[in-house]
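Take a look at the model below.

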Amino acid sequence: MTKIGFNVLAWSAVVSEDLNPIADRLKKIGYDGVECFVGAAEDPAAYRNFGRHAADLGLGMTAVTVVSPETNPVSKSAAVRGKALERIKWCIDRSHDLGATILCGPFHSAHAHFSRQPAQDDEYGRAAELLHDAGVYAAQADIILAPEALNRFECYLCNTAEQLYRLVNMAGHPNVRAMFDTHHANVEEKSYTAALDTLKSVLAHVHISENDRGTPGGSHLPWEEIFAKLADLEYDGWLTIEAFSRNDPDFANSIGVWREYNDPWDIAEDGFKFIERMSAKHFV
């Protein structure tokens, strides 16, 4: 059975006790789990405390993170790549503190940092080597790393499912798999079905994200096709809503969110009903 999650970035990038009432309400709506951003809060205790709160509610946990130019896995500098591995290991530790089973995101390369040329073979090689080493570390915590393909305006290394599959295959570790995000695929993929088929052997996590990052459902995205293909692949992992707002201005500014799409609680309520309805139709 698939599980339905909600990414609390709609409220805050910072893990703290302020997320407790949000988790409480998400549980009441019917969510199976929550997803937290790892990195904005530095205190390990904050992750442990919120992880315990979520576990006490019976909520599962996943995590998401990014890396910066100072910790860029594709850098030519061995020192920078060393910092990248240490930072990803730190994020794995914090994900473990949360009780997360998956750490996803575009941590294959620095977010919104461009080289002004297409991705090079040696960059894939450097990223793959680092992800392999990170996978070895993640295996000790029983965490799956699920790097993500982002649209061309946010990264250049992995924009498509084909590029992401190449990278995961090069990494060559069972704890390094792939995430699929419906928002980014809307920009970069010719076909959702073909993209998901490309990732079928390594798919570990799915973000259900609207084209505008608002409430899933009711847009031009081919939701029937997406859910039908996931069912065809017998996908049984998380279907996690990733939607954004300006509730956390620092985070919103960093990803170019300049307006409100829908109220986060409307997204949570209506998005849950949408995924439930589509799952019942396609997965049963």
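## Contacts and overall build

In this predicted model, residues 24 or more positions apart make up 80% of the protein chain's contacts that have a separation of 6 or more. The secondary structure consists of 10 helices and 8 strands. The protein chain is as compact as a globular protein of its length, because its radius of gyration of 17 Å is close to the 19 Å that the globule rule gives for 284 residues.

The table collects some values for the whole chain.

| Property of the protein chain | Value |
|---|---|
| Box filled by the C-alpha atoms, along the principal axes | roughly 45 × 45 × 35 Å |
| Share of the 284 residues that count as buried | 56% |
| Accessible surface | about 11,900 Å² |
| Share of the accessible surface that belongs to carbon and sulfur atoms | 48% |

Now the charges. The protein chain has 26 positive and 41 negative charges.

Which residues cover the two sides of strand β5? This strand spans residues 144-147. Ile144 and Ala146 lie on one side. Leu145 and Pro147 lie on the other. All four are buried, and both faces of the strand are covered.

Strand β5 also has a partner. Strand β4, residues 102-105, runs parallel to β5. The two are joined by 4 bridges. What stands opposite glycine 105? Proline 147 in β5 does. That proline is also one of the buried residues of β5.

Definitions and conventions
Residues are numbered from 1 along each chain as its sequence is written. This is a predicted model: local features need pLDDT of at least 70, side-chain atom pairs count only at pLDDT 80 or more; totals for chains, interfaces and linings use all residues. Side-chain values use heavy atoms; hydrogens and water are left out. The radius of gyration is taken over C-alpha atoms; the globule rule is 2.2 Å times the number of residues to the power 0.38. Buried means under 20% relative accessible area, exposed over 50%, partly exposed in between (1.4 Å probe, protein chains only). Contact means heavy atoms within 4.5 Å. Accessible areas come from the Shrake-Rupley method with a 1.4 Å probe; for residues, only the protein chains shown count as cover. Lys and Arg count as positive and Asp and Glu as negative; His and the chain ends are not counted. The place of a charge is taken as NZ of Lys, CZ of Arg, CG of Asp or CD of Glu. Two strands pair if DSSP finds at least two bridges between them.
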